[in-house]
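Visitor: I am new to this structure and would like to learn how to read its features. Please show it to me, and then we can go through it step by step.

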Amino acid sequence: DESKRNLLMLPYIKEADPSIKPVEGKDDQIDVNYKVKEDNSAQASFKVGYSQLYGPIVGAGLNQKNFFGTGNTLGINFQRSKVEQSYGVDYTNPYYTPDGISRSFNFQVSRVDPGETTRVNNSYTTNYYNLGVTYGIPIGQEPGVFSRIYAGATYENILLTTIAGKESNQVRSFVNKNGRHFQQADLKLGYSRNSLDKAIFPTRGTFQSLFLDAYAPLDSNSLSFYVLNYNTRWYQPLSDQFIILTKGSLGYGNAIGGAQNFPFFKNYYAGGIDTVRGYQGFTLGPRDSNYMAYGGNMLATASVGLIFPNYLSDNLRTSAFFDAGNVYSSLNNRSFGGQSTNSGPIRFSAGIEADWLTPFGPIQLSLAQPVNPSRRDDREIFQFALGANF
């Protein structure tokens, strides 16, 4: 069973059916044979989607999951929305060593314009150039569990451009002190444990990940900081029809010399269909001196939900949920002025969600009611995201 699961986790194997045959002349030996059906190893895709946070999304990609029959993966991808443009090339060898250590190379060029998102800091844009390598080391022998340690390093080159006339006091202070061009080495160390029974619409099991990214400066004008992130999802069936789902995320970042040196363009954001539903995307947490969402260096979100049957389609999953979360800053933003820079208490919301797998991609819909909004919170009862792949 474990060997079959390992085969099905390969991106180019669609089916794997085992059969057992006794070894002739041996009373205590058998051969386990697998009949496998390969999926298309090469895939060209075109993506069209729409998100309330990012607006229209288009993308294209060429992914070869069994490059020249080696089992390695080569991907070339492009994606564009009003907030982000991204171009990337990645190459992964899942069995770089016979013991199953993987090695991945990644090169990415991207541009982010957060001001294109409603009510978010609109005083800057960033251009990223990244080149990195990551190793995945399998650990443990638990049945039905994939556990890995990750270690890697990425060269990161960031160019920050401020927009005249829109600079907040926070952005202006950071740029005056640290400049606009930064080169860092991102030293990554992480751990993941996956006991989910399947990748799409899991019914039981847990996924957990813990990652530390430590950024070391590569020139005298760059930054020294770190971010620590923990994420978890847990599925527990109550019966054949009902499943409890709990999710949680914690994030913390800081810099050598204190939070005033932590780069604001690495801040956490909350609110929206992926975090605390019922509140407009990215708008929870501190505001800057222009009263725009500014994010913070501390994140805490959680959700508990009940997945229930809908009797309409196996490709539709329906659930009721209760969300909680907010973003905080350990920097005293009051010193920068503005109408309101505090985050306030943890925000709560409750509602229902539908996730629909269509031939053209997933569609995610939610109806949520904020439980304890403040007067300054931007509410958004109906939220959705959809995508199409061809």
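Guide: Start with L160, which is found in strand β9, residues 146-162. Helices (H or I, at least four residues) and strands (E, at least two) are DSSP runs, numbered from the N terminus. This is a predicted model, in which local features need pLDDT of at least 70, side-chain atom pairs count only at pLDDT 80 or more, and totals for chains, interfaces and linings use all residues. Residues are numbered from 1 along each chain as its sequence is written, and side-chain values use heavy atoms, with hydrogens and water left out.

Visitor: Does L160 count as buried or exposed, and why?

Guide: Buried means under 20% relative accessible area, exposed over 50%, and partly exposed in between (1.4 Å probe, protein chains only). L160 counts as buried because its relative accessibility is 2%.

Visitor: Which residues does L160 touch?

Guide: Contact means heavy atoms within 4.5 Å. Not counting residues up to four places away in sequence, L160 touches Y124, T125, T126, V175, R180, F182, F264 and F265. Take F182 from that list: it is 22 residues from L160 along the chain, and their C-alpha atoms are separated by 8.3 Å.

Visitor: How do I read the pairing of strands around β9?

Guide: Two strands pair if DSSP finds at least two bridges between them. Strand β8 (residues 124-139) pairs with β9 in the antiparallel sense over 16 bridges, and Y135 stands opposite A151 in β9. β8 and β9 form a hairpin with six residues between them, and G140 in the turn has a positive phi of about 80°. β9 also pairs with strand β10 (residues 181-194), in the antiparallel sense over 14 bridges; here R148 stands opposite S192 in β10.

Visitor: How are side chains arranged along a strand?

Guide: In a regular strand the side chains alternate between the two faces of the sheet.

Visitor: Which residues are buried in helix α2?

Guide: In α2 (residues 169-178), the buried residues are Q170, V171, F174, V175 and N178. Seen down the helix axis, they fall within an arc of 125°, so they line one face of α2. The arc is that of the directions from the helix axis to the C-beta atoms. The buried residues of α2 pack against β9 and β10, while the face turned away from the buried side carries the exposed residues N176 and K177. After α2 comes G179, with a positive phi near 90°.

Visitor: Which residues of the largest nonpolar core touch the most other members?

Guide: A nonpolar core is a set of buried Ala, Val, Leu, Ile, Met, Phe, Trp, Tyr and Cys residues joined through side-chain atoms within 4.5 Å. The largest one has 24 residues, and those that touch the most other members are L160, F174, F182, L223, F225, F264 and F265. β8, β9, α2 and β12 (225-237) are the elements that give two or more residues to this core. The largest share, three residues, comes from α2. Apart from this core lies another, of five residues, among them L196, Y235, I243 and I307.

Visitor: How many salt bridges does a search of the whole structure find?

Guide: A salt bridge is a side-chain nitrogen of Lys or Arg within 4 Å of a carboxyl oxygen of Asp or Glu. The search finds eight. One of them joins R193 and E142, with the closest N and O atoms 2.8 Å apart. E142 counts as partly exposed, at 39% relative accessibility.

Visitor: Where do E353 and R277 lie?

Guide: Their side chains meet in a salt bridge, 2.4 Å from N to O. E353 lies in strand β16 (residues 347-358) and R277 in the loop between β13 (243-255) and β14 (298-308), so the pair ties together parts that are 76 residues apart in sequence. E353 is buried, with a relative accessible area of 8%, and R277 is buried too, with 4%. R277, D323 and E353 are linked in a network of salt bridges.

Visitor: What does the chain contain as a whole?

Guide: The chain has two helices and 18 strands. Buried residues make up 42% of its 390 residues.
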